[in-house]
Amino acid sequence: QVQLVESGGGLVKAGGSLRLSCAASGASGIILSFNVMGWYRQAPGKQRELVATITNGAITNYADSVKGRFTISRDNAKNTVYVQMNSLKPEDTAVYYCNAAYTTSGLTFWGQGTQVTVSS
């Protein structure tokens, strides 16, 4: 069973930056076994939405709302995926979840989430 542990959330003023980390349990390089990893977020009263994803071929994808402000990356040796969030806005306030998926089987793993709060 893979475990994903997020960290790096917190309270920041609008215009500030945060970097979230998602560490996957297992042998070094295990994150390469996932077809895709990503970050999602869920604000109060809203559905969970995609923020950014990165494939095992390092192809990235971003929600329109974060393009140009967020950057997803990974360190395979550390089994960690990051999202650097710059120019944060109050509407970025949400619980951010890490996701890892095997697209062939549909097997998906989720972290427990980390709160990001952006004050105006």
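How many helices and how many strands are there in the protein chain?

**View 1. Secondary structure of the predicted protein chain.** The protein chain holds zero helices and eleven strands, where helices are DSSP runs of H or I with at least four residues and strands are runs of E with at least two, numbered from the N terminus. The radius of gyration, taken over C-alpha atoms, is 14 Å, close to the 14 Å that the globule rule gives for 120 residues, so the chain is as compact as a globular protein of that length; the rule is 2.2 Å times the number of residues to the power 0.38. This is a predicted model, in which local features need pLDDT of at least 70 and side-chain atom pairs count only at pLDDT 80 or more, whereas totals for chains, interfaces and linings use all residues. Residues are numbered from 1 along each chain as its sequence is written, and side-chain values use heavy atoms, with hydrogens and water left out.

**View 2. The largest nonpolar core.** Such a core is a set of buried Ala, Val, Leu, Ile, Met, Phe, Trp, Tyr and Cys residues joined through side-chain atoms within 4.5 Å, buried meaning under 20% relative accessible area with a 1.4 Å probe, protein chains only. Of its 32 residues, Leu 4, Met 37, Trp 39, Phe 70, Met 85 and Tyr 96 touch the most other members. Elements that give two or more residues to this core include β3 (18-24), β4 (36-42) and β9 (94-102).

**View 3. Burial and extent.** Of the 120 residues of the protein chain, 42% count as buried. The C-alpha trace spans about 40 × 30 × 25 Å along its principal axes.

Key
Buried means under 20% relative accessible area, exposed over 50%, partly exposed in between (1.4 Å probe, protein chains only).
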